[in-house]
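This report sets out selected features of the structure shown below.

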Amino acid sequence: MTLWSRIRLWLRALLKRSRMESDMDAELRFHIEAFAEDLARKGVPREEAMRRARIEFGGLERAKEECRDARGLNFLDSLVQDLRFGLRMLGKSPRFTAIVVFTLALGTGATTAVFSIVDAVLLRPLPYKGGERLVAVWCTELGQSGSKIFAPYRDFEEFKAESHGFEELAAATWARAGEILSWRGSPHEVLSIPASGEFFSLLGIPAAQGRTFGPEDARNGCTVVLADLFWRNELGAAPDIVGGPLTLNGQPCTVVGVMPREFQFYPKQTSLWTLITRNSQLTDKPFDSAVGIFGRLKPGVTTARAEKELLELHKRVVKDSPAGSWVEGIAPIVRDLREEFTWLAGRNLHTALLVLLTAVGLVLLIACLNVANLLLSRSVERERELAVRAALGSGRLRLLRQLLVESILLASLGTMAGVVIAVGAVRYLSSTKLVELPPGNPVTVNLHVLGFTIFLATLTGLLFGLAPGWQALQIDLNEVLKRSGRTSTWKGHRASKFLVISQVALSMVLLAGAGLLIESVYRMGAVPLGFQPSHVLTAQLALAPSAYTDLSRRSSFYERLVARLDALPGIERAALSSGLLGFEGGGSSRLSLAGRAAIENLEAVRTQQISSGYYRVLSIPLLQGRQFDSRDREDSQPVAIVNQQLVHRYFPKENPIGRQIKLGKPEDKAPWLTIVGVVGNEKRATVYKEMDYEEPAIVYLPLQQSSPLSMLLVMRATGNPLGLSPLLQGEVSQIDRNVPVYGIETMIQRDSELLAHPRFRAIMMGVFAALTLLLAEIGVYSVLAQSVAHRTQEIGVRLALGAQSADVSRLVLRQGMGMVAIGLIAGLLAALGLTRFLSAMLYGVRATDPLSFSAVVLVLMSVAFLACYIPARRAMRVDPIVALR
Amino acid sequence: MDKQMDLLQGTLDMLILKAVSLGPLHGYGILLRIQQISKDRLEIQQGSLYPALYRLEHQGWIASEWGESENKRKAKYYRLTAAGKRKLQTEAEKWNRMADVIAGVLRSTPEEV
């Protein structure tokens, strides 16, 4: 018989099920009647003949069942039956179903949401050509392990021409401040990324409109490709933009294309890419300008091999470089691009995501344990039903399957609800931009993620279905059927206890982790930064280089602006600064002290140009000497103010006022600066470590003597600082219409951005820990409540024999808190072992901080006590007369 | 042998095929036919007859259709299919070979070993 005809027969059997059923009935009836007739013919009375015929035939129902089995119908059939029965059972106890589905939905929903981030950030290759072979080439400063800086442009030229390990190499740099783009007469602050001609072909992404850079552009002046977001939001999605002219920093440029909407590269907020041409700043000073280098490795080439090759090439560059160049002190390193994107988005993002995934996995596990517990107690209630079914001839395996089908049904319902939760959570996350995520793959609940979720659902269904199923296999028919319906041996108890203890332990682990992370954020946020951030508004502004070529024009613009703002009623005081407080990174330079040799290899000395009101706006204390004032002019003696850190490092036990310093070597052309004042330190975020501050040595210079084109405006407001923001552009435009103001934020907002990642993961951990705490306590409560219900008679006897109600409640409390204590100790030990994986994410606390751990234990204990107290009270109120009747 | 023998495992199928090979029969008829040709020496559990019939039909060795019985009642008749005929042949050969071998083994005397 061919497979097809077999399937046909089977399908026919399936479709004509009722016909077959009646046929089978008729056939068997015929058999018995024919047999009876034969007996009757031999002289047996009719009634007796029928009876004997039936007895001879044996179990009719069993024969039928075996016939159905023989036709292969039974499996599917009984599955449908199980499903129907399962649905009916779940429908009968809607409260139970709702609790289980809700618990599972929370667990799978949270897990799916976190996994969709992990999938986008850590698992899927970048959505570029040969995404898994893309690398970033940075340079590391020798002697400073872990440092990553851009490479000299000369390295890029050398690598591109001479290396063999790469299919393609491109350069791009984002180490620059805001620039101004003018289009149809209005200025826009833009983040423009100079990129080499190979940039887009390396990534293999064509433009959505027009084209990307081509070889013909190399000869032209300035060529740009726009990012979709910028074109849409800032240029109003102008349809005629391609080929059109616009001005970038006063220079005419041609737009050759607009990238597709989904295209992203680092930094995500890039507005446009400009082509690096032959006579740009980068190519003119290839040793002094820095770029990021990106490449696609040839198949089979490892990053280590590529790094080795580039190191050799870099040595040639060093040989060609002018003596004493910074190029000597660095070496190229090759890193996986996706990893670097993740690192750039958040220093601890990779670890944090893995920690969160583990945490949410534990939440799901605890949810499963809870559901297992609920099912277990239900299966105790259903013991009788199951026993009756077993007695009537249901196979044990069939019963097990029935229970598993119910579990899987619950898991599916929970998962469906969970996916809805996950989609909502992911939408919320991507719309609010709570944290910066790396460019590349968008975070979505895609098929990949759904596959994972379905896998989870099956796993959870089996996990929490097995315990009660196993329990069902153990049923002793005689025992159960003999008993009256009221009492039952509470056999599930030991299993339930074990589940609850595990829950408490897991919950303890998560609570400990959350406690440490939350405390870290709190401590890091509470550290005094050396300035007063409240009531301070900040904004960026940028001057076009073509219009502000000389220093005096710039400083006169700045002076007029500060004067205007100072006169505004809502502003107490305004000032300007070149640096972004708390954010400035990198930029070390040599420092020389008059009368001493230059200090080489010093830790970063930062320079910051400020207007005179700066310290007053930020309430940075002046410790010695004076502030900048009207005496400091372009042509007066060059002066500087230094901070305490610099004094501490280079003028210990000396009076620094009046001493002279130079930024550079003594023989450099730069002027000697006379120190006129000393101020307090400011704390700043570090570049390579997330949970840390540094207090760099800073040299402040007066704006009148050195002023850059791009400045940070800081203002102390009398009222709500954000109330000032609508006024700012107007005030600036009064002086120059072409100067854009952007990035308006309060200082508090800026500070909180610094803690965005730590806060995000602390909140997530906190939510997960709270969930597990809730679930674990529900577990404790339900086991105790059940046990009290089952022991009602026993309690009644105790009370009748003279036990006090306090004794009874102590009995229950001891039982409950005993479980909690075991779980707590197990969890504490696990937590002590596990929290060290968090150490990079902690600030001000050790991974085994006793205070933090005690607080967590206290929280868990008090919530657990509450969970135990309610059943204990119920036990106390047992009326012995009712219980014993 | 007067006593009725229990069926050897797996032989019921073969007996059913043999019974219907002599002409279409209904279930009860098959039972009677087997008892008749075995001269009542084989005991067949009536309950296990029908599952066997359904299995054989499912495997395509017998086919069934509704007809009228001797006493004018509706009954389901089974007949052997071509595949069933071949199956019966191979099964019978296998059985005979097996019986010969077993018989030979049992006949052997100490000297022959």
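Angles between axes count as roughly parallel under 35 degrees, roughly antiparallel over 145, roughly perpendicular from 65 to 115, and oblique for the rest. The axes are lines fitted to C-alpha atoms, for helices over the stretch in contact, and the angles run from 0 to 180 degrees between N-to-C directions. In this predicted model, local features need pLDDT of at least 70 and side-chain atom pairs count only at pLDDT 80 or more, while totals for chains, interfaces and linings use all residues. Residues are numbered from 1 along each chain as its sequence is written, and chains are lettered from A and ligands numbered from 1 in the order in which they are written.

Helix α6 (residues 94-123) of chain A packs against helix α15 (residues 396-432) of chain A at an angle of about 45°, and their axes are 6 Å apart; α6(A) and α15(A) are therefore oblique to each other. Helices (H or I, at least four residues) and strands (E, at least two) are DSSP runs, numbered from the N terminus. The crossing of α6(A) past α15(A) is right-handed, a term for the near helix being turned clockwise from the far one by less than a right angle, with anticlockwise giving left-handed.

Contact here requires C-beta atoms, placed from the backbone, to lie within 7 Å. On the α6(A) side the contact includes A:Leu104, A:Ala105, A:Thr108 and A:Gly109; on the α15(A) side it includes A:Leu410, A:Gly414, A:Gly418 and A:Ile421. The residues of this contact comprise 14 nonpolar, seven polar and no charged, where Ala, Val, Leu, Ile, Met, Phe, Trp, Tyr, Cys and Pro count as nonpolar, Asp, Glu, Lys and Arg as charged, and the others, Gly among them, as polar.

## Domains of chain A

An automatic or database domain assignment supplies the domain bounds. Chain A is divided into domain 1 (3-72), domain 2 (131-345), domain 3 (349-526 + 756-884) and domain 4 (548-737).

Between domain 2 and domain 3 of chain A, the C-alpha centres are 51 Å apart. Nine residues of domain 2 of chain A contact seven residues of domain 3 of chain A. On the domain 2 side, these residues are five nonpolar, two polar and two charged.

## Chain B and its interface with chain A

Chain B has four helices and five strands, arranged along the sequence as β-α-β-α-β-α-β-β-α. Of its 113 residues, 25% are buried; a residue is buried if 20 or more other C-beta atoms lie within 10 Å of its own, exposed if 12 or fewer, and partly exposed in between, with C-beta atoms placed from the backbone.

At the interface, 20 residues of chain A are in contact with 18 residues of chain B. On the chain A side, α2 (17-41), α3 (46-57) and α4 (60-70) each give two or more residues, and α2(A) has the largest share, seven residues. That side has eleven nonpolar, four polar and five charged residues.

## Local backbone features

The peptide bond from A:Tyr266 to A:Pro267 is cis, with omega near -10°. A:Pro267 sits in the loop between β10 (251-258) and β11 (272-275) of chain A.

Although A:His535 is not a glycine, its phi is positive, at about 65°. A:His535 lies between α18 (492-526) and β14 (536-542) of chain A, in a loop, and counts as partly exposed with 18 C-beta neighbours inside 10 Å. A:Ser619, also not a glycine, has a positive phi of about 55°. The loop between α20 (614-618) and β18 (622-625) of chain A holds A:Ser619, which is partly exposed, with 15 other C-beta atoms within 10 Å.

Technical notes:
Contact = placed C-beta atoms within 7 Å.
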